[in-house]
Amino acid sequence: MKVKEWMRSRSLLSRYLLIIATAVLFIPVIIPLTLIGYGVFSAMNNEDLPKEYEPYTSISALETMWHQEALGLDGASAEAVGRRLQELSGQYDRAAMFWVDGAGGTRLVLPWREGPEAREIPVIPQRWSAAEAIAFMKSSAKLEPLAIVAFIGDRADAGEGFMVMQIPEYLRDDVQLYSGLESWYMVMLLLFFVLFILISLLFFNGIRRRLLRLQTAMAFGGEDGLPQPIAPGKPDEIGRLEDAFNTMIAELTASRQREAEEEGLRRRLVADLSHDLRTPLTVIRSHLHVLGKEEVSPRGKESLQLMDERIEGLSLLIENLLSYNLLSSGKMQLSLERRDVLRLARAGAAAWYPLWEKEGFTADIDLEGEPLYWNVDESWFRRILDNLFQNILRHARSGRYVGVAAEVREGRRVLVISDHGAGMGQSTEAKGAGLGLAIVDLLLKRMELDWKAESSGQGTEIVIYRPL
Amino acid sequence: MSVTLLYVEDDREIGSAVSADLREREYAVRWLESGEGAVEAAAGCQLAILDVMLPGLDGFTVGQRLKRAFPELPVLMLTARASIDDKLQGLDFADDYVTKPFHPDELAARIEVLLRRSGASAAAQLQLKHLLVSDGGQQITGAGGREIVLTGKQFQIFSYLLRHLGQILTKEQIYEAVWGEPYLEGDKTLMVHIRYLREKLELDPAAPEIIETVRGIGYRVRA
């Protein structure tokens, strides 16, 4: 259908304007239509009208007929008038008839022959004075019952009296029932407005449904957290909005994919690099070990030990470099969960304790008290502790002390890791601690935690806390 | 009968050095250069050492296949990949994870821990100071040949410590392993049990030598 296509391709505005224009144009159309409808309807009704009512449908026709008869009786004798009335009464058996002679005496009263009032004799004065004539005319003016009056000879000055035909009320009511043209109009207009409101409602409901569909699509993400594209609809304003939405989703998906690819590439590169750097170190280390088992002088043993330590340090440096690369790209996903950090610190210290023991460190661990819950990524928090402990072992060796404690400072609970080394920046000991601390800083920021370091010649204190 | 280790490593230099070192430590070593046939070769082995970056099947896949075929077989990942993601992926199924470059002594120590935990250790009997412990703590003989009988919970705690010989275990770790429910801070149950355990095991419970308290952290049974 061409019209349908045209409707589909129009904008919402033009479609609604079309509805309004149709409604406005329809008002001049609806009046003739109503008339035609009325004509058809009443024609149909006329057939339905009882046959015996037919002579009474048009009062004016009756009036004409009555006046014709009256004219025909001009100069007729009282008997002739009576006879004619008898005949007419036979024809119009639902009407009552009587006539009054020129002297004002009622001459013949013919009652209603059919209908509910049949055989009842209309109440009519026997003799007509002027007052009675006026009273009669007043009541017939109120149409109770309708009276058609004609002077015999059809002129008052003929002085031959007058004849009256009375049509009962029920007959007029029944006939009139079929002629409510005004109420017909009202019903049609009402119908028309109801139709208009209905169409408008359907129109807006259609818009509303489509907007809701769009909103639902925007609000609920799929597996990858992005909203799913929606099926294309009509090419109107909402359709264009849906298209724009789909384009946006496609772009977002593509960009996510690009990011994931880049991330994957970076990870692979890091993993490969790590592998390529560590493999030769492993080989060197195992050869050092083999060498150590040979006959070596004490000085040789010492150098082997130093080389081994350097390899360990290099390995750590590689790990930190690669971690820093991944972390600083901001692509690394941390899974933050509510964890008792005292418990994590205890587990971390347990892993490092044997090394501290071996190196002759005094470990002062005071993590008693209520659990301290922070939102952290467990493995990366462990990494923070490892880096800090590593730094102490490598750069604060001279103090031979490590302290891990939960304390209350400035009204909040904090985690304090301290040493008795020569302090940061104060000596050559601290060189190389930077990368480890940069990772600590990055990780703590990602966990919405903060830290500060207080360092002096007597040692360093790292305080980790949750900002208020 | 010596303990047999399955070792999968594609780098010949590292492979031969590690195999030689492990053989020196009196382990029988089955060294494969790729993951192909690892499941078949693992029959009769007490422990598997896997490199992650292998040609063909990677170490994670090989490890998972091994675990499916031999759920009891301890798997130690030996790898040059040290990122936390790799560690987490490895520890999903593996029992331990050692990054390269490792010290051969460290590898040997980790192997020993895993073997002891799985009950396949070469040392069926363990001498701890004055105690002679057999069958992972099932039988304990004290000073003067006196047999020591432990209650259920005491045995569970002691055998857990023995399985992690030399490692420091936190209160939470021990409590959760033995009771199987989360440890609540301030709970004294474990302390009370350790006290009774010490009364049975130690020569002088006031100065414990077997179960050592590591202040602020937990407990340890030293080898």
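**The interface**

Analyst: Chain B and chain A bury about 3,200 Å² between them, with 55% of it on carbon and sulfur atoms; buried area is the accessible area (1.4 Å probe) that two parts lose on being put together, summed over both. This is a predicted model, in which local features need pLDDT of at least 70 and side-chain atom pairs count only at pLDDT 80 or more, while totals for chains, interfaces and linings use all residues. Residues are numbered from 1 along each chain as its sequence is written, chains are lettered from A and ligands numbered from 1 in the order in which they are written, and side-chain values use heavy atoms, with hydrogens and water left out.

User: How many residues does the contact take from each chain?

Analyst: It takes 35 residues from chain B and 37 residues from chain A, where contact means heavy atoms within 4.5 Å.

User: And how many salt bridges are there between chain B and chain A?

Analyst: The count is nine, a salt bridge being a side-chain nitrogen of Lys or Arg within 4 Å of a carboxyl oxygen of Asp or Glu. Lys293(A) forms one with Asp21(B), and their closest N and O atoms are 3.4 Å apart.

User: Which element gives the largest share of chain B's side?

Analyst: Helix 1 of chain B does, with five residues; helices are DSSP runs (H or I, at least four residues), numbered from the N terminus.

User: What does helix 8 of chain A touch there?

Analyst: Residues including Thr279(A), Val283(A) and Lys293(A) of helix 8 make the contact with helix 1 of chain B, among them Ile14(B), Ala17(B) and Asp21(B).

How values were computed. Helix = DSSP H or I, 4+ residues; strand = E, 2+ residues; numbered from the N terminus.
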